[in-house]
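Here are my notes for you, point by point. Keep the model open while you read.

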Amino acid sequence: MKKLGAEYRSLIILSGVAIIMGILVGAMDALFASVLLLVSHLRDQYLYFVLPGLPFIGMFIVWYYTNFGKESIQGMSLIFETGHGMREALPLRMIPMVMVGTWLSHLFGASVGREGVAVQIGGTLSYELGKRLPLKENKRIFLMMGMAAGFGGVFRTPFAGTLFALEVLAPGTIAYEALLPSLVAALCASATSGMLGLKGFTYALKGSVSLDLNTLITLVIAGILFGLIGALFAYGEKQAKGFFQRKIENPYKRIAFLGVIIMAFMYLTNGRYSGLGSNLITMSFDGHIIYVWDFIVKLALTLLSLAAGYQGGEVTPLFSIGATAGFVLSLFLPMPAVLLSALGYAAVFGGATNTLLAPILIGGEVFGFSHLPYFLIVCVLAFVVNHNLSIYTKQKTRSVLDESCE
């Protein structure tokens with residue numbers, strides 16, 4: 001009974017701390033996202049004036065990290081190493097470094113995301129707080145609490161944020177001991193960022209599609225294709241980074257060279273593929289023109305931006321790649337375009353991050369839980385066919401976990 005009482009007491013304390021942590025991270029998410037929206041608006045308004053600065057701001061980011069960031073340039077890799085017990089500390093400087101680097105990358109037109117920043121903010125704040133409390137045996141739980149709060153706060157999807165934090169470190173396992181405090185932190189972060197004006201993307205899917213044989217076949221085809229697109233992104237990111245690091249060893253020359261290429265494409269396409277890709281997501285659901293090549297070009301420019309060294313993340317670009325790919329699939333598959341776009345939005349994210357439960361809940365929270373069976377089928381297939389590929393190179397894949405169990 002004493003042991004059981006101690007466990008519940010620890011859980012209550014962790015959940016109490018999670019409330020405070022969620023509020024702090026939610027406020028940080030709101031600040032980060034508000035400035036990001038501002039710089040994105042400025043970029044769109046003065047696109048042809050800021051694009052020429054892309055190679056130069058890239059070299060500044062390299063200098064900035066080299067002289068002040070030190071190991072914080074490793075970003076998400078540090079979060080994963082800490083989660084796996086490979087390191088004992090996260091540099092607090094990582095928070096302002098990645099925020100400023102991401103704002104600059106977006107302002108000048110790079111094709112990058114924002115979730116990496118939010119997860120690093122949450123994970124670093126929470127982990128450092130955990131080290132200063134008399135709960136040091138729960139450091140990993142604190143990290144997951146912060147990751148859940150960061151993801152849930154910036155996207156306003158607390159349930160998906162919770163499951164993302166619990167499964168992304170090692171797909172195939174769920175750290176149930178972190179479930180309640182992570183959920184509390186994510187809910188508080190989402191509520192706080194919402195109260196401070198941050199709005200998440202939502203689109204209510206209308207109508208329903210009966211789960212007959214033809215629909216199931218369509219869902220199977222879509223799930224396989226979305227999983228392959230996600231796997232292609234994950235594989236392409238690793239290969240692109242390795243290729244350009246070998247060919248152009250000097251990071252200043254590398255980001256300048258790739259910055260010029262990205263800048264040229266952004267000029268040719270009127271900035272259609274700059275930034276998060278939120279414009280492509282909106283167009284996929286609002287009846288605007290989506291080109292067959294949109295998801296391919298967005299994928300390629302995001303890989304180039306990340307390989308160059310621009311700061312941000314991959315998840316929102318993955319959402320836009322999935323949504324536009326789903327729209328294109330609707331030209332060939334007998335299913336409404338908005339439904340396939342919604343399924344692609346969630347499943348390509350799952351296929352690229354090697355996660356299962358988070359993308360299913362993304363589908364429910366963003367598009368409505370009435371369509372959850374469709375997201376379940378498609379996301380399961382995307383998870384199966386991605387063959388353990390992930391944008392997170394420090395992630396423990398399922399094959400590694402199987403070997404450790406043996």
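1. Helix 10 gives the lining of the largest pocket its largest share, 6 residues. Helices here are DSSP runs of H or I with at least four residues, numbered from the N terminus. Bear in mind that this is a predicted model, where local features need pLDDT of at least 70, side-chain atom pairs count only at pLDDT 80 or more, and totals for chains, interfaces and linings use all residues. Residues are numbered from 1 along each chain as its sequence is written, and side-chain values use heavy atoms, with hydrogens and water left out.

2. That largest pocket has a volume of about 870 Å³. Among its 34 lining residues, Ile 73, Gln 74, Lys 241, Leu 306 and Gln 311 are the closest to its centre. (A pocket is an open set of points on a 1 Å grid where a 1.4 Å probe fits, with protein on both sides within 12 Å along at least five of seven lines; lining residues have an atom within 4 Å of a point. The volume is the space filled by probe spheres set on the points.)

3. The second largest pocket comes in at about 530 Å³. Of its 27 lining residues, Leu 37, Leu 276, Gly 277, Ser 278 and Asn 279 lie nearest the centre.

4. Now look at the loops. Asn 270, between helix 11 and helix 12, has a positive phi of about 55°. Most residues other than glycine have a negative phi.

5. Is Asn 354 buried or exposed? Asn 354 is buried (under 20%), because its relative accessibility is 0%.

Note on methods. Helices (H or I, at least four residues) and strands (E, at least two) are DSSP runs, numbered from the N terminus. Buried means under 20% relative accessible area, exposed over 50%, partly exposed in between (1.4 Å probe, protein chains only).
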